[in-house]
Amino acid sequence: MNFDESNDIMNIRLTLQFDGTNYHGWQLQPGRPTIQGMLKDALHKITREDINPTGCGRTDAGVHAYEYTASFRTNASIPIDRIPFALNANLPEDIICTGAAEAPDDFSANSSASGKCYRYTIDNGIFPDVFASRFAWHYKYPLDIESMQAAAEAFVGTHDFIGFASSGFSVKTTVRTIYSIEISKNNNIITIDVAGNGFLYNMVRIITGTLVYAGGGRISPGSIPEIILSRRRENAGITAPAKGLCLRQVFY
């Protein structure tokens, strides 16, 4: 589907869902399939323009999104309500546009965001659930939810989280604010919802690994404040696998 060009440039906000299993994250990478690359190709097909869509943040390879925000500018004359249909006709089945709206001229999916909420899912059954295998970390050892929640409370607030980041990132500050961490269990499925104003590279996955250590008795929940203050990565838990992580919501 192609649309005629107009003289007015529109700033469009998109909402996407994607299964990140087959992709090397959001960001364009030469020779590798990425979410941004797939969206760029689809936008070119429907607008005939060379558009580099802006994402609300980078996601790691294998990470999913329930509600991911992207934005782009176009002078194509596109009926707003037709954009999701046009994009979905040109996107693979594991990437879906669920909404589109015209945004203010100064809106950016990235710089306008004030926070995000991620969900990490753990399959805590003895045997893995085949229907959860793409979206959950199978961890068969017993986990004490009360210990995990006690440990989680220490993360809430403003801290220097450099000890909960993998190497290879470049940011002005490693101080972040965690608004809440909520843990629940339904049968064998444990979900960990983490909301904050921003996250360092692999931060949610390392927090999850640390909570799993607390739930399994390898770390005392009372030691979390000391681990945070140490600022040392080796004092925290493992980095949980990417496939259990899903971006749930972006705050603006």
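R48 is partly exposed, at 44% relative accessibility. In this predicted model, R48 sits in the loop between helix 1 (35-47) and strand 2. Its phi is near 65 degrees, a positive value in a residue other than glycine.

**Positive phi**

- Most residues other than glycine have a negative phi.
- N202 counts as buried, because its relative accessibility is 12% and the cut-off for buried is under 20%.
- R48, at 44%, counts as partly exposed, since that class lies between the 20% and 50% limits.

**Helix 3**

- Helix 3 spans residues 145-153, and its buried residues include M148, A151 and A152.
- These residues lie on the same side of helix 3, because they cover an arc of only 105 degrees around the axis.
- An α-helix has 3.6 residues a turn, so residues three or four places apart point the same way.
- Exposed residues E146 and E153 are carried on the face of helix 3 that is turned away from the buried side.
- Among the elements covering the buried residues of helix 3 are two strands, strand 8 (175-186) and strand 9 (189-196), and two helices, helix 4 (203-215) and helix 5 (224-230).

**The largest pocket**

- The largest pocket holds about 1,000 Å³ of space.
- Its lining is made up of 38 residues, and those closest to the centre are G57, R58, F199, L200 and Y201.
- Strand 2 (54-55), strand 5 (115-123), helix 4 and strand 10 are the elements that give two or more residues to this lining.
- By class, the lining of the largest pocket has 15 nonpolar, 17 polar and six charged residues.

**The second largest pocket**

- About 150 Å³ of space lies in the second largest pocket.
- Residues that line the second largest pocket include H64, R119, T121, A132, F135 and A136.
- Also in that lining are I189, G244, L245, C246 and R248.
- Strand 10 gives the largest share of this lining, three residues, and strand 5 also supplies at least two.
- The lining of the second largest pocket divides into six nonpolar, three polar and two charged residues.

**Q249 in strand 10**

- Strand 10 covers residues 245-251 and contains Q249.
- Q249 has a relative accessible area of 36% and is therefore partly exposed.
- Leaving aside residues up to four places away in sequence, Q249 touches E67, G115, K116 and C117.
- Q249 and A195 are 54 residues apart along the chain, and their C-alpha atoms are separated by 8.9 Å.

- Y141 is found in the loop between strand 6 (137-138) and helix 3.
- With a relative accessible area of 48%, Y141 is partly exposed.
- From Y141 to I178 the C-alpha distance is 27 Å, and the two residues are 37 apart in sequence.

How values were computed:
Residues are numbered from 1 along each chain as its sequence is written. This is a predicted model: local features need pLDDT of at least 70, side-chain atom pairs count only at pLDDT 80 or more; totals for chains, interfaces and linings use all residues. Side-chain values use heavy atoms; hydrogens and water are left out. Buried means under 20% relative accessible area, exposed over 50%, partly exposed in between (1.4 Å probe, protein chains only). Helices (H or I, at least four residues) and strands (E, at least two) are DSSP runs, numbered from the N terminus. The arc is that of the directions from the helix axis to the C-beta atoms. Contact means heavy atoms within 4.5 Å. On a 1 Å grid over the protein atoms alone, a cavity is a set of points where a 1.4 Å probe fits but cannot get out, and a pocket is an open set with protein on both sides within 12 Å along at least five of seven lines; lining residues have an atom within 4 Å of a point. Grid points are joined across faces, edges and corners, and a volume is the space filled by probe spheres set on the points. Ala, Val, Leu, Ile, Met, Phe, Trp, Tyr, Cys and Pro count as nonpolar, Asp, Glu, Lys and Arg as charged, and the others, Gly among them, as polar.
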